[in-house]
Amino acid sequence: MSADENYRKIEKSIKTNVSLKDNYGGYLRLDQVLSAQVPMSSPPHHDEMLFIIQHQVSELWLKLIIHEIKAAIKHIEAEELDIASKKFARVKQIQRQLFEQWAVLETLTPSEYVQFRDVFGSASGFQSVQYRMVEFLLGNKNKSMLKMFPKDSESHKELENILNSPSVYDVFLSYLFKQGYRVPKECINRDKSTPHVFNEDLVIMFTAIYQDTNKHWDAYALSEQLVDVEQSFQMWRFRHMKTVERIIGFKKGSGGSSGVSFLKKALDLTFFPELLDVRTHL
């Protein structure tokens, strides 16, 4: 192959005289994004860059999940379940990216990690406000988590607002109630800042929906989307736990938690318990 054959000329229609404000890097604010990776080890340890980028990328995906779930909630409130379902389909794909990312971090060996572990002090993913927002939006409400963030900060205010607002499940149950489904009133008229409590009557209601999917297609389809999101979230939790186990063993977490044992307890948490239990009754 000659040099000419391995050379692609720029097409005449391609714009080359583009200002920094209007070009690709300007639109994406890459000057800010790509300058945000600042290793604290001195001299910089090679693998700290991996650790920083892994967590920054996770936060960007969490931001998009929050964006999509908030939109889905509005569409359920507007009785647009098909559009809400589309949003959850996207959330599942984002969750897939988050899950697969653990494979990259797992290339960090314990010997490499301990060489820069001390530089970020008490910083921990446990302190991620966006992760708490996702959990609150999905229904895992825990008021004590607000203590993790300064009371006068925007993070605290936004998280507190989500804590006191209806979760995805709250909004879905309200929709079903308005449509005439037998949703117990105690599931509707409750303190939305607390987690949902398992209700056997809801299992009976969802069983009826699942036994006649043609008649109740919209409710059934969105129910299955929520189950998918929950399952993806649990898979992420499990992979997180196993990655931590692989890198630090059973040491305490950097934020003061018990580490792996603390993460294992999270696997017992559920967002939509009746949607999982209904399978036993079909």
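Begin by selecting Trp102, Tyr131, Tyr169, Phe233, Trp236, Phe271 and Phe272, which ring pairs link into a cluster. The coordinates on display are those of a predicted model.

**The chain as a whole**

Now show the whole protein chain as a cartoon. The protein chain contains 13 helices and 0 strands. Viewed along its principal axes, the C-alpha atoms of the protein chain fill a box of roughly 70 × 55 × 45 Å. Colour the residues by accessibility next: 41% of the 282 residues in the protein chain count as buried.

**Aromatic pairs**

Searching the whole structure gives 15 aromatic pairs. Select Phe51 and Phe116, which form an edge-to-face aromatic pair, with 5.7 Å centre to centre and 65° between the planes. Which parts of the chain does this pair tie together? Phe51 lies in helix α3 and Phe116 in the loop between α5 (110-113) and α6 (129-138), so the pair ties together parts that are 65 residues apart in sequence. Is Phe51 buried or exposed? Phe51 has a relative accessible area of 16%; because buried means under 20%, Phe51 counts as buried. Phe116 is also buried, with a relative accessible area of 0%.

Return to two members of the opening cluster, Trp102 and Trp236. Trp102 and Trp236 form a tilted aromatic pair, 5.5 Å centre to centre with 50° between the planes. This pair links distant parts of the chain, with Trp102 in helix α4 and Trp236 in helix α11 (residues 217-248), 134 residues apart. Both Trp102 and Trp236 are buried.

**Salt bridges**

Turn next to the charged side chains, where the count comes to 10 salt bridges. Select Glu135 and Arg132, which form a salt bridge whose closest N and O atoms are 3.1 Å apart. Where do these two residues stand relative to each other in helix α6? Glu135 and Arg132 are 3 residues apart in helix α6, which means that about one helical turn separates them. Glu135 is buried, with a relative accessible area of 4%, and Arg132 is buried at 6%.

The side chains of Arg237 and Glu135 meet in a salt bridge of 2.8 Å, N to O. Arg237 lies in helix α11 and Glu135 in helix α6, so this pair ties together parts that are 102 residues apart in sequence. Arg237 is buried as well, with a relative accessible area of 4%.

Move on to Asp170 and Arg190, whose side chains meet in a salt bridge of 2.9 Å, N to O. Here, too, distant parts of the chain are linked: Asp170 is in helix α8 (residues 168-178) and Arg190 in the loop between α9 (185-188) and α10 (200-211), 20 residues apart. Both Asp170 and Arg190 are buried. Finally, display Arg132, Glu135 and Arg237 together; salt bridges that share partners join these three residues into one network.

For the last stop, switch to a surface view. Which residues form the negative surface patch? Select Glu79, Glu80, Asp82 and Asp218, which form this patch. Glu79 is found in the loop between α3 (48-77) and α4 (81-105). With a relative accessible area of 46%, Glu79 is partly exposed.

Key. Residues numbered from 1 in each chain as written. Predicted model: local features only at pLDDT ≥ 70, side-chain atom pairs only at ≥ 80, totals over all residues. Heavy atoms only, no water. Patch = residues over 30% accessible without salt bridge, like charges linked within 9 Å, V, L, I, M, F, W, Y side chains within 5 Å. Areas by Shrake-Rupley, 256 points an atom, 1.4 Å probe, with all protein chains shown as cover. Salt bridge = Lys/Arg side-chain N within 4 Å of Asp/Glu carboxyl O. Lys, Arg positive; Asp, Glu negative; His and termini not counted. Charge placed at Lys NZ, Arg CZ, Asp CG, Glu CD. Helix = DSSP H or I, 4+ residues; strand = E, 2+ residues; numbered from the N terminus. Buried < 20%, exposed > 50% of the residue type's maximum accessible area, 1.4 Å probe, protein only. Phe/Tyr/Trp six-rings, centres within 6.5 Å; stacked < 30°, edge-to-face > 60°.
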